[in-house]
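Please look through the structure shown below, and follow the paragraphs with the model open beside you.

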Amino acid sequence: MTRYALVVGITDYDGLPSLTKPIRDAEAVAQRLEKHGDFQVERLPKRWNPEKECYEVAQERVTGKQLGRVLLEFLQKQAAGSDALIYFSGHGITVFDELDRQKGYLAASDCTIKMEGKQIVAQQHGVALDSLNYVISQADLSSLVVLLDCCHADYFLEGDSIRKTLSVFTYKPDCHLIAACRSFANVDVARSYGKGYSAFTTALLEGLLPENAGSDGQVSIDELFGFISRKLEDINLHREEGEYQQPIWMSSGRSLSIVSYPPKQTPPAAGETCPYQGLLPFDRTSADFFFGRREVIQMIRQKLEVANFVPVIGASGSGKSSVIQAGLIPLLETSSWRVLEMLPGNEPVAELKRTFSQLLPASDAEKVDSLVDKAPDLDWLMKHLPISERVLLVVDRFEEVFAVCSEPATRNRFIQLLTQVAEISSRQLAIVITMQADFIALCLHEPSLIQLIQDWAVYIPPLVGKDLEQAITAPAILQGYELESGLLETILQDITKEKNYLPLLQFTLTQLWEERDQQSHQLTLNKDRQLGGVLGAIDQYAEQFYQSLTQQEQDWLKRIFLNLVSFGTNIKDIRRRVPKSQLLELAGTNSASRQLISDLLDRLIEANLLVINEDEWVDLAHEALMDKWKRFAKWRLESWRQLQCEVLS
């Protein structure tokens, strides 16, 4: 299918300072799109003359009426039903009305403005962004990418004008916007990075080079934004204070390829590291093996461009933690974000203090305690910390606030601190929470929280189709292995019988890897049958471990596992973390029994049935154990019935 691009570069202005770069910028972008993006490009004004090596139309004007007509023609007719791209380089302006509300415009050559102080209060002949927003919303396009380079002078388009006005990019499928809307004066630094292009277009053009393509040879819109962010951050380091650029990204739908090159030939070599995670989530160290969740990762990233608080909600076992740990965090860390992570536990405010103390030197960490106690909100806290970079706070397993935290006052204070971040205009702090969908009903008692869920939640859908197949096969391929013929089909047939199958799938794949055929470099059907398939693998594995223990060890294992569950009378049972010292205290003062428990914990951790962190808090490897190990499920049912009897009595 033919793809269409409209590339606009405006240098001459009547009521605004004329510019030097836009036509050169626009032509460089046009040539890159034609040569490597398979775009049919329309230029406004006309093209560069390579024979004379000059811009014959460098002084040609583009009126507001002409710009509006070309945009309408392009969106409504020329690119109808097709992939479309618009690049604009020139002045963008923000006009303030009598109520101090902002309205954005793309300035044409005949655009004139009226100033009051340092604000533009009126204009003529600019193309209004709200009108452009409407036209885009009505356009019948397969996809749309808009690239705005409006950062050439003191009259500039403000980021809030973009975010508030071009709302179509938050909901229309497969619509993406990257904009540079920050003013700066010193262009010499940017010039050193390219051939006299603006800083934004320098980063854009470099991001579209083959060395920045993925292994498939594609440069996608999300990869392009990540590169532009990193490049501008590098350029900003060489600027004077206040002379900075920060790109804006608004996006909805699937990631799109902008340019294509031949795939990179990197045949995999056989590796011995297990590319699957068993019952553990994927994280930064295993991110290379994490497949199938690209769209949802980009959706979260896109939400963070317009919101400071993003809830990520899904069923138990849907892979929420993996999406954040192996998808979102590595993506953000390439764009100079600082990431803090925490679990709420029984004392979420204390955990919050401990988490933010990481932003200070060890000698000053205790200052966070008093700051949090006094903080009306987290924006106030950030202003009192010596932090310049943008910070993301990840609150994983947010359901612990309801199921584990026993103090209503502590719970309310924690929720208050977190949710008020959505009301501030500062972009320095953003929060992502992950929560099981079973706990949404409890959020109805927290008006601020439920409103944020309604407005900004990203729901983790089941992993299906090609994404599911890729999650199964691609990690093995990276290690030089493949699934034996028929194994993929058998696995897919098995998991149709189970709703929350991802932890079962990862566990089974890990076991298949451990017993792989190293001569044929295959994961085999025979081993899958021996494991009992996807649905039986966890139960068989845990039961075999249990049966290998003495009677005394089995008794202690039961007590340990039940102590790692938070039983709910009116809410779903969830796993809970417990200090190792607390588990050892189950033996009282009996030193022999304490040693037996300690040894048993080590064996359970080595078997990947339990996990322990650096502070020696012990946790179930995954909640899937609670239901899929039949013996454990029976213990829980017995304990729950006993708890109900105690409540009734």
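Helix α6 is mostly covered, since eight of its nine residues are buried, where buried stands for under 20% relative accessible area, exposed for over 50% and partly exposed for what lies in between, with a 1.4 Å probe and protein chains only. The buried residues of α6 are Ala199, Phe200, Thr201, Thr202, Ala203, Leu204, Leu205 and Gly207. Helices, as named here, are DSSP runs of H or I with at least four residues, strands are runs of E with at least two, and both are numbered from the N terminus. This is a predicted model, in which local features need pLDDT of at least 70 and side-chain atom pairs count only at pLDDT 80 or more, while totals for chains, interfaces and linings use all residues. Residues are numbered from 1 along each chain as its sequence is written, and side-chain values use heavy atoms, with hydrogens and water left out.

Glutamate 206 is partly exposed, at a relative accessible area of 24%, and its side chain meets that of lysine 231 in a salt bridge of 3.1 Å, N to O. The pair links distant parts of the chain, with glutamate 206 in helix α6 (residues 199–207) and lysine 231 in helix α7 (residues 221–236), 25 residues apart. Lysine 231, for its part, counts as buried at 13% relative accessibility. A salt bridge is taken to be a side-chain nitrogen of Lys or Arg within 4 Å of a carboxyl oxygen of Asp or Glu, and a search of the whole structure finds 21 of them.

Another of these salt bridges joins arginine 284 to glutamate 333, with the closest N and O atoms 3.3 Å apart. Because arginine 284 lies in the loop between β11 (257–260) and α8 (294–304), whereas glutamate 333 belongs to helix α9 (residues 320–333), the pair ties together parts that are 49 residues apart in sequence. Both ends are partly exposed, arginine 284 at 36% relative accessibility and glutamate 333 with a relative accessible area of 37%.

What separates aspartate 379 and lysine 383 along helix α12 (residues 378–383)? They lie four residues apart, about one turn of the helix, and they form a salt bridge in which the closest N and O atoms are 3.3 Å apart. Aspartate 379 is buried, with a relative accessible area of 11%, but lysine 383 counts as exposed at 64%. Elsewhere, salt bridges that share partners join Arg397, Glu400, Arg575, Arg577 and Asp619 into one network.

Turning to strands, an open sheet of three has the order β21-β23-β22, with antiparallel pairing, and two strands are said to pair if DSSP finds at least two bridges between them. Its edge strands are β21 (578–579) and β22 (610–612), each of which pairs on one side only. Strand β21 pairs with β23 (residues 617–620) in the antiparallel sense over two bridges, and proline 579 stands opposite tryptophan 617 in β23.

Finally, the axes of helix α18 (residues 487–495) and helix α21 (residues 533–547) come within 7 Å and cross at roughly 75°. The two helices are therefore roughly perpendicular to each other. The contact (heavy atoms within 4.5 Å) is made by Ile491, Asp494 and Ile495 of α18 together with Gly533, Val534 and Leu535 of α21.

Conventions:
Axes are lines fitted to C-alpha atoms, for helices over the stretch in contact, and angles run from 0 to 180 degrees between N-to-C directions. Angles under 35 degrees count as roughly parallel, over 145 as roughly antiparallel, 65 to 115 as roughly perpendicular and the rest as oblique.
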